[in-house]
Amino acid sequence: MKRFVKVIRILSATTSIALGISLGATSTYAAQQTSAKLKGDFGPPQGQPIHAVLTSPPNVPPPIHRKYPAKVIVDLEVIEKEMAISEGVKYMFWTFGGTVPGSFIRVRQGDTVEFHLKNNPNNKMPHNIDLHGVTGPGGGAASSFTAPGHESQFTFKALNEGVYVYHCATAPVGMHIGNGMYGLILVEPPEGMKRVDHEYYVMQGDFYTTGKYREKGLQPFDMDKAIDEKPTYVLFNGAEGSLTGDKALTAKTDETIRLFVGNGGPNLVSSFHVIGAIFDKVRYEGGSHSQENVQTTLIPSGGVVTVEFQTKVPGSYVLVDHSIFRAFNKGALAILKVDGPQKKDIYSGKELDSVYLGDRAQPNLASVTKATQAAASGTLTLQDQINAGRELFAGTCSVCHQSNGAGLPGVFPPLAQSDFLNSDLHRAVGIPLRGLTGKVTVNGNEFNSVMPPMTQLNDDEIANILTYVLNSFGNKGGQIGASEVKTERAKGVSAPTEAN
């Protein structure tokens with residue numbers, strides 16, 4: 001009898017344990033399901049509706065300090081407008097808010113967003129918007145198809161925190177994105193983001209024009225180039241030089257920087273890098289995980305990263321796509337200008353080498369723009385060309401030939417008081433177009449180096465640089481016109497010019 005009772009007790013205990021485990025598992029599962037159901041959904045909006053503050057790049061709206069979900073109204077207008085894509089080059093952009101990228105949108109996780117999309121009555125095309133931060137088919141695209149002169153409205157709840165791309169999704173989708181129709185929406189977590197000294201908004205995009213790189217005038221979109229994924233330009237914030245010179249990003253030493261960096265595409269993946277800086281933290285792909293001590297980070301087309309770092313040493317820091325020809329030959333270059341005292345214990349060097357600054361990163365290119373406008377109106381003067389050539393020479397030629405034209409002994413021939421240059425101006429036109437190779441004697445000294453062809457320069461730029469050189473450094477003077485360069489270029493000779 002005692003043995004029977006003992007068995008019963010053992011079975012009872014085992015059953016209780018099993019039941020407890022089962023109930024515990026059920027409770028945990030229920031909690032997980034409740035948590036999943038409530039993720040990002042903090043209930044209905046509270047308080048009065050709020051109109052979102054939208055900013056144009058590179059600016060970011062101020063952080064959100066609300067402790068509750070709200071109804072946030074976003075008003076965004078599509079505007080088709082002609083703007084400069086490079087100096088002297090126009091392009092018909094399609095934009096959200098009149099800029100490329102479009103207006104930056106900032107909301108809080110759990111907010112209910114009432115989105116109003118307006119299509120300006122002067123536009124020619126229908127448009128819509130697909131927000132990658134929307135949970136729902138098409139990201140709002142089907143709900144926002146809008147004809148010119150009309151307005152669409154839809155609502156979504158921002159369930160997932162992170163930073164997301166938005167873009168137009170009207171057919172042909174690639175063409176709408178390729179014309180600049182993309183931007184970023186930030187969904188802040190309820191607790192907010194760590195405070196930093198500066199937040200900036202940068203987006204890369206690839207553009208496809210019928211004319212070659214920096215070819216003057218209004219350039220149409222080229223569908224064949226876009227399909228073949230052969231961009232004419234790869235740019236930050238929609239234009240070459242959009243973040244250089246007096247438009248550069250700014251900071252002081254010992255400040256924290258957060259960059260929201262998106263890639264609108266439509267085709268290329270970006271290898272984002274800041275020359276001279278190391279990212280302390282990278283939230284890759286716009287998600288919740290981060291990596292530390294990163295040099296270069298990939299941004300897929302239609303993706304975003306958030307990078308954070310602290311400025312230590314003053315100087316000009318160059319933002320590039322490290323698929324490097326895109327930076328120096330297609331325009332993917334921007335500047336962060338950091339001011340403050342030198343810190344020789346960290347870095348003893350000089351200001352960033354001019355090879356990294358490029359010819360669109362100088363403090364002021366107003367003289368280049370003036371020369372372009374004067375040439376178009378038929379009022380171009382010798383002095384206009386000299387002034388423009390000086391700016392272009394500084395970013396293109398001064399690395400080898402030096403800012404004073406003296407060259408480097410035994411390596412690069414001088415341009416100053418150059419008997420080789422002054423003896424044959426026609427030959428001078430052909431050298432930047434086709435390069436120069438082989439032995440050459442300049443002012444009694446022999447040089448044997450290679451000058452690559454400067455095919456990234458257009459006819460105006462070559463004419464202005466040569467005119468500047470001919471009228472500087474003790475040379476005898478002269479003037480080269482863009483028509484002379486065009487004639488020489490039309491010969492189509494690709495082989496480098498033989499020096500002798």
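1. Strand E8 (residues 162-167) is largely enclosed by the rest of the structure, because six of its six residues are buried. Buried means under 20% relative accessible area with a 1.4 Å probe, protein chains only. Strands here are DSSP runs of E with at least two residues, and helices are runs of H or I with at least four, numbered from the N terminus.

2. This is a predicted model: local features need pLDDT of at least 70, side-chain atom pairs need pLDDT 80 or more, and totals for chains, interfaces and linings use all residues. Residues are numbered from 1 along each chain, and side-chain values use heavy atoms, without hydrogens or water.

3. Look at the two sides of E8. Gly162, Tyr164 and Tyr166 point one way. Val163, Val165 and His167 point the other way. In a regular strand the side chains alternate between the two faces of the sheet.

4. E8 has antiparallel partners. Strand E6 (residues 130-131) joins E8 by two bridges. Strand E9 (residues 182-188) joins E8 by six bridges. Pairing takes at least two DSSP bridges. Tyr166 is the bridge partner of Leu131, and Gly183 is the partner of Tyr166 in E9.

5. Now the helices. H6 (residues 366-377) and H7 (residues 382-396) pack at about 140 degrees, with axes 8 Å apart. Axes are lines fitted to C-alpha atoms over the stretch in contact, and angles run from 0 to 180 degrees between N-to-C directions.

6. Which residues of H6 meet H7? They are Ser367, Val368, Lys370, Ala371 and Ala374. Their partners in H7 are Asp384, Asn387, Ala388, Glu391 and Leu392. Contact means heavy atoms within 4.5 Å.

Terms used:
Buried means under 20% relative accessible area, exposed over 50%, partly exposed in between (1.4 Å probe, protein chains only).
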